[in-house]
Amino acid sequence: MIEPVREHVDAREVLASTHPHRAYALDVRGLSAGYPRQPPAIEGVTLAVAEGELVGLVGPNGAGKSTLFKAIVGLRPLAAGEVRVFGQPLARARDDVAYMPQVEEVEWAFPVSVLDVVLSGRRRLLPFRGWSAVDRAVAWDALERVHLAQYARRQAGQLSGGERRRLLLARTIARGSRLLLLDEPFAGLDAAVQHDLVAILDALVHAGRSILVATHDLSCVANSCDEAVCLNRRVIAAGPSSAVLTEEVLSRTFERHLLPLTPGGPPRIAVAPPASGSQP
């Protein structure tokens, strides 16, 4: 069993965009997508995730973070733009990307075990064949990483909300893809569990994975992500977290006045009260 890690995880040194050895796990250019007969949920989105980096995607509810993820993996049709994964069109690189949806999008009443959920993330070489010994070993390892191995035989619907998020993360890890897209994995988790998951993501990146994680936790992005992308239908800013998470950028992203609070500790974010007579 892997022991929880609770200490602060420092972000790795980011290679300059002009560095000759900088390669990209994900390259999104001019992407627009949304729902039929509605205005685009995201428009003209351009962003990149360098290989071996943990990148935080932040923005308010309704900013299009989930739509972006679904468009990247082909679950939402593109109105414009292109997606390349490790330099290849998505059609040629589907096995290189794994997507973790929000926990609310999963049907938890289906009678399936925790272990079976993780195994479902594996790729079968031939249809209708059982899981191999390698598949099961990878699934058990993923469950141990997220500290759910003791619940392997339990029905997945019996897990708590936080445990369900960790289960979906284990399923995503077990797929074995080099690029992970994680939609709100920290939502509803207490601080200790969140620190454990950040340490897991950091270990995955050090092992060669590349990760784009959507989250509302700005302190987590400031402290532990190599780069940040601020999204509100369009990319407001992208780059090193320290340069992106500024008062001006955050206020434009969330459409309200946000103050970065840094004295005596790691960056935190506070919402400034609206000026007298202004709308909230």
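Student: Let me start with a single spot: which residue in β2 stands opposite A33?
Tutor: That is I42. The labels come from DSSP runs numbered from the N terminus, where a helix is H or I over at least four residues and a strand is E over at least two.

Student: How should I read the numbers and the model itself?
Tutor: This is a predicted model, where local features need pLDDT of at least 70 and side-chain atom pairs count only at pLDDT 80 or more, while totals for chains, interfaces and linings use all residues. Residues are numbered from 1 along each chain as its sequence is written, and side-chain values use heavy atoms, with hydrogens and water left out.

Student: Back to the strands, then. How many bridges pair β1 with β2?
Tutor: There are 6, and the pairing of β1 (residues 24-33) with β2 is antiparallel. Two strands pair if DSSP finds at least two bridges between them.

Student: New topic: is β7 buried or exposed?
Tutor: Buried: 5 of its 5 residues are, so β7 is largely enclosed by the rest of the structure. Buried means under 20% relative accessible area, exposed means over 50%, and partly exposed is in between, using a 1.4 Å probe and protein chains only.

Student: Which way do the β7 residues point?
Tutor: L179, L181 and D183 point one way, L180 and L182 the other, and all are buried.

Student: Which strands does β7 pair with?
Tutor: One is β6, which runs parallel to β7 and is joined to it by 4 bridges; there, Y99 has L181 of β7 as its bridge partner. Another is β8 (residues 210-214), paired with β7 in the parallel sense over 5 bridges. In that pairing, L180 stands opposite I211 of β8.

Student: How does the chain get from β7 to β8?
Tutor: The chain goes through helix α5, residues 191-206, in a right-handed β-α-β crossover. Right-handed means that, with the strands pointing away from the viewer, the path from the first strand over the helix to the second runs clockwise.

Student: How do α4 and α5 lie against each other?
Tutor: Their axes come within 12 Å and cross at roughly 5°, so α4 and α5 are roughly parallel to each other. R166, L169 and I173 of α4 make the contact with V193, L197, I200, L201 and L204 of α5. For angles, under 35 degrees counts as roughly parallel, over 145 as roughly antiparallel, 65 to 115 as roughly perpendicular and the rest as oblique; contact means heavy atoms within 4.5 Å.

Student: Tell me about L169. What does it touch?
Tutor: Leaving aside residues up to four places away in sequence, L169 touches M100, V146, L182, L197 and L201. L169 is buried, with a relative accessible area of 1%.

Student: Now charges. How many salt bridges are there?
Tutor: The count comes to 10. A salt bridge here is a side-chain nitrogen of Lys or Arg within 4 Å of a carboxyl oxygen of Asp or Glu.

Student: Why would such side chains pair up?
Tutor: Because side chains of opposite charge can pair when their charged atoms come close.

Student: Which residue does D96 meet in a salt bridge?
Tutor: R178, at 3.2 Å from N to O. The two are 82 residues apart, with D96 in the loop between β5 and β6 and R178 in the loop between α4 and β7. D96 is partly exposed at 22% relative accessibility, and R178 is partly exposed at 37%.

Student: And which residue does R234 meet?
Tutor: R234 meets E43 in a salt bridge of 3.1 Å, N to O. This pair links strand β10 (residues 234-240) with strand β2 (residues 42-50), across 191 residues of chain. R234 is partly exposed at 41% relative accessible area, as is E43 at 30%.

Technical notes. Axes fitted to C-alpha atoms, helices over the stretch in contact; angles between N-to-C directions.
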